[in-house]
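Subject: Structure for your review

Dear colleague,

Please find below the structure I am handing over to you, with its sequence. My findings follow directly after it.

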Amino acid sequence: MKIKYIDKLFLIGVVFLCIGASSMVQAETLVDGTSFDSWTALESEWNYYYPWGQTHNGSAKMYIDQLSLYGGVLTITAETPDPESDYKYRSGAIHLKESIDISENYPEWSFYGEFRAPYLTGTWPAFWITRAGSWTHECDILEYKGDKYNWFNTYDGGWETTKVFVDTCLSEWHSYELHAYKKNATDVTTEYYLDGVLKGTHTLSGGMGISFWLIINLQMEGSSGSPGPTEPTYYYARNVIVTRTVAPVPPPAPTNLSGTPGDAMVDLHWSSSAGADTYNVYRSTTRGGPYDTIATGLTTNYYTDTSVVNDTTYYYVISAVNEYGESPDSLENNYTPCLTPVSQGKAATASSFESGNDPYKGNDGNFSSRWTASDSSYPQWWKVDLGSVQSINKACIYWYNSATRSYKYKIETSNDDSTYTTIVDKTGTTETENTVDSFSASARYVRVTVTGVTPSGGWAAFFECQIFSGEPDTTPPAAPTGLVATAGDSWVSLNWNDNTEPDLASYNVYRGTTTGGPYAQIATDVTVSAYTDNSVTNGTTYYYVVTAVDTSNNESDNSNEVSATPEAGSGAIDVANSDILVAGSVGGSYVDTQDSDNIYESITEIESGGRPESRYSYLEHKWTINVTGGTGVTFCVEAYQTASSDGDNFVFAYSTDDSTYTNMLTVTKTSDDNTYQSYSLPASLSGTVYIRVTDTDRTSGNRNLDAIYVDHMYILSSGGEPDTTPPAAPTGLTATAGNSTVGLNWNDNTEPDLASYSVYRSTTSGSGYSAIATGVGSSAYTDNSVTNGTTYYYVVTAVDTSSNESSYSNEASATPQAGVETDMYVSDIAMSYKAAGPNYSGLATVTIRDETAGYVDGATVYGDWSGATTQSVSGTTGADGTVTFESSKVRNGGTFTFCVTDVVKSGYIYNSSLNVETCDSITAP
């Protein structure tokens, strides 16, 4: 789009320099200054009236005929009376069709216009942005309220205002401008200009990621006073220009990954990703990875994998790449290459079928066609006639929408199409993705009966059902390894390593009271690598072994033997005893979370109210658990979520009062892998504990209704009475004054269960102490919230892991003074790396201390990454004196080196000669 008024764009460009020029950041013009040249131009970019209608909170109603255009100028006329309504004035308003979204994708915006604005009592012209859908945020770029003062306003729950006197606001053209740009992840900086001069800088808290409307209107009376003029009032606008920066972003993840397996090959194809230059293909033999790279730099949206082995299931994901980076992975799909199935092309029938999705399409060898039942009623069956009695040993079913649906089904065989025998029963399954079932049977007819689907509402459907012949499988799985046993009060908890066989079906658990056996079977069909035995007697020693069973019912040898002796008072497993419904659609109840049995309590997001474009999905649910308590308390949950296109995950938190919650862990898994996530709670925790789960993304427009499925949730209390003995009071406290700072240091406590320290301060010796810092992790602290010339008195306490707090240390005092600069230095650089599939990034946590060994917060640390990636970064230390830097991600790892180049803070001197280390490195595999 061309720019008509080039001389007006100089100031607009200023905003794009706020966070530094970059060749990767692009400017985009939405309104170029010509929209008032004609009615066609206006109507292509603006809508008439307010976004919500013809009226607002004043005495005027808006009409189209109160607008006029001439010579690139929009004139809005307000006049009285208005015989068509109860409003006193007829006037006009327009709002921009394009919504305003200050976000990570569009981090900087500029709104510019030239106006001649009326100022008499009762006139109320405006040029402003306001939140779409609900009034919680607003920026007024031009607003006169009955006098010659322009109000530059920012509202985010409270008003921040800059008023400027403009004597010639109506008689002369003046330019009014707002620069709005990202301040941090949640807030927006707003800068207001009059005739190119900065007049005010405000903060729009919570302004990131919400949508705004841009409005030009002439309201009357209301906040501008009354009565208003009886003669016509005119408001003139020209050269309105709206620009924004477009942040460089990688392409979105590819979608619709599908494939066709064949003899020693898998053909893959997917939908193209907007903005992608090339694609990468990753593969694993384990659901969820880790993945190996098998192809990079593909310029097509298809690929044939010929490096596969028949009868092995492979899991694939695809990523898209452009000059700005690599997308997240696509949803995973799996395929099993194999010889031609004996069922392919044979006669097929079904209980019903949808027109165009006939039964024969379920075994025609075409993975783009499918059989679909005629409606959503169940059960529905599909059957193939193999032509003769054959030995068969495997069925591969490629379900429709398999990534999000769990089909419940059974497979039956018959020689006469009359009497059927069930050889596979998955009528209780919650498994998603395509399925592979191994068995040993002899039959002519094979029937697949679908008994239901989760979530409900879907029709029975699959792309292909492949039946294979071959010799029966007689090879058992390997014996499970790593079996361990933990005893509690009337229970023993078992855990072992997962077996890796693709045809693994379940585990069996055996128990004896003599080492080496004999053992009695106490559990069968255990589908996870963990089991809790609640049928034990305290004081008796039990011996356990576990076996693995495959889909052909071959059982492995025994695992290693373990033993455990349950004892009274040695601990407890406490499960949820109630639900608290807050926001979400709930399937099942808290009872379904009490056992690891693949029976789930599901909570699905609901949609917020408001205008459709500003709605979002959200969820919150709570449980209560009565915790026994002991010397150790751990929260454990086995849960997974639906795959989300909104970027949603689910956070578990706990509280003892249902008011203040502490986040514990985040569930990101999109399939049930039968693994647990855990979090160590305070050892002193007991009694009623509230557990809460909430979603993480409530961005306007993200309306997909995601769900979390909770299979097993409990709090494990280890044995023993709770610790009530506090640590000893810290000793050797000293205080050193600086310029607006006091550095504290004391001797380390020696208790093995020491958790942290708390710092207290007073301006009176011996009394009146208030806590100024808790959770201090070392025996030093820097107080930067002091006033020079004031004497401060300090004491310190120690806190253990059971939240027991010591008595006060000795008192120390100091009087900060101006002109004193304190040395600071790098005391530590802790290196680590983060892996995401084949991608790695380096992490460097830098700690800054002062000459008293106290932490320095608010210091700006500058540094350089080198090695696997090269970049310069900066960040600010927190209360613990640390700041963490993450490098750009690279594929396949390498050596990440980080060096501190400078540290800056007012009142401090960076003395690098005191550095414990200045550079450090780590190598990722």
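The largest cavity is lined by Thr736, Ala737, Gly738, Thr741, Val742, Gly743, Thr822, Asp850, Glu851 and Thr852. Two elements each give two or more residues to this lining, namely strand 53 (734-737) and strand 54 (742-745). Sorted by class, the residues around the largest cavity comprise six polar, two charged and two nonpolar ones. Its volume is about 50 Å³, and the structure contains one cavity of 30 Å³ or more. Please bear in mind that the model is predicted.

Four strands form an open sheet in the order 37-36-39-40, and their pairing is antiparallel. The edges are taken by strand 37 (520-526) and strand 40 (562-564); each has a single partner strand, so one side of each is left without a neighbour in the sheet. From one strand to the next, the twist averages 30°.

Within this sheet, strand 36 (residues 504-512) is paired with strand 39 (residues 542-550) through eight bridges, in the antiparallel sense. Which residue of strand 39 does Leu504 stand opposite? The residue facing Leu504 there is Asp550.

With kind regards

Note on methods
Residues are numbered from 1 along each chain as its sequence is written. This is a predicted model: local features need pLDDT of at least 70, side-chain atom pairs count only at pLDDT 80 or more; totals for chains, interfaces and linings use all residues. Side-chain values use heavy atoms; hydrogens and water are left out. Two strands pair if DSSP finds at least two bridges between them. Axes are lines fitted to C-alpha atoms, for helices over the stretch in contact, and angles run from 0 to 180 degrees between N-to-C directions. On a 1 Å grid over the protein atoms alone, a cavity is a set of points where a 1.4 Å probe fits but cannot get out, and a pocket is an open set with protein on both sides within 12 Å along at least five of seven lines; lining residues have an atom within 4 Å of a point. Grid points are joined across faces, edges and corners, and a volume is the space filled by probe spheres set on the points. Ala, Val, Leu, Ile, Met, Phe, Trp, Tyr, Cys and Pro count as nonpolar, Asp, Glu, Lys and Arg as charged, and the others, Gly among them, as polar.
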